[in-house]
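Reader: Hey, could you walk me through this one? I'm new to it.

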Amino acid sequence: QVQLVESGGGLVQAGGSLRLSCAASRSIFNLEAMAWYRQAAGKQRELVAIISSGGTTNYADSVKGRFTISRSYANNTVYLQMNNLKPEDTAIYYCNAEGWYSGTFGRYWGQGTQVTVSS
């Protein structure tokens, strides 16, 4: 298994930036994919951005051009750079990883980090 710990959330004004980090307790090199999801109050959890093992990235239409997902194998960390933030980006952001550890395929989640964007 792997533990995921998010950080970097906080309160920011509209138009500002934040960088979220998700540190994994084990190597992320062999993971199938890592992703960021978010869940706003009263809404379902939604995919924000995903990066595959081959480095392909995909984004929700609502964040394209503003958010960038990246990873560091050296630090076993995935990042989400969020620019030009909008009030509608307010949510709890969760890190997700899918892959094989010790012969078992699993889907893992972090505890979440709150992002609040004020207008």
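Author: Arginine 66 counts as buried because its relative accessibility is 8%; buried means under 20% relative accessible area, with a 1.4 Å probe and protein chains only. This is a predicted model, where local features need pLDDT of at least 70, side-chain atom pairs count only at pLDDT 80 or more, and totals for chains, interfaces and linings use all residues. Residues are numbered from 1 along each chain as its sequence is written, and side-chain values use heavy atoms, with hydrogens and water left out.

Reader: OK, where is the place of arginine 66?

Author: In the loop between β6 (57-59) and β7 (67-72). Strands here are DSSP runs of E, at least two residues, numbered from the N terminus.

Reader: And what is arginine 66 in contact with?

Author: Leaving aside neighbours within four places in sequence, arginine 66 touches Gln81, Met82, Asn83, Asn84, Leu85, Lys86 and Asp89. Contact means heavy atoms within 4.5 Å.

Reader: Switching to β7, how many bridges join β7 to β8?

Author: Six, and the two strands run antiparallel. Strands pair if DSSP finds at least two bridges between them.

Reader: What do β7 and β8 form?

Author: A hairpin, with four residues between the strands. In the turn, asparagine 76 has a positive phi of about 50 degrees.

Conventions. Buried means under 20% relative accessible area, exposed over 50%, partly exposed in between (1.4 Å probe, protein chains only).
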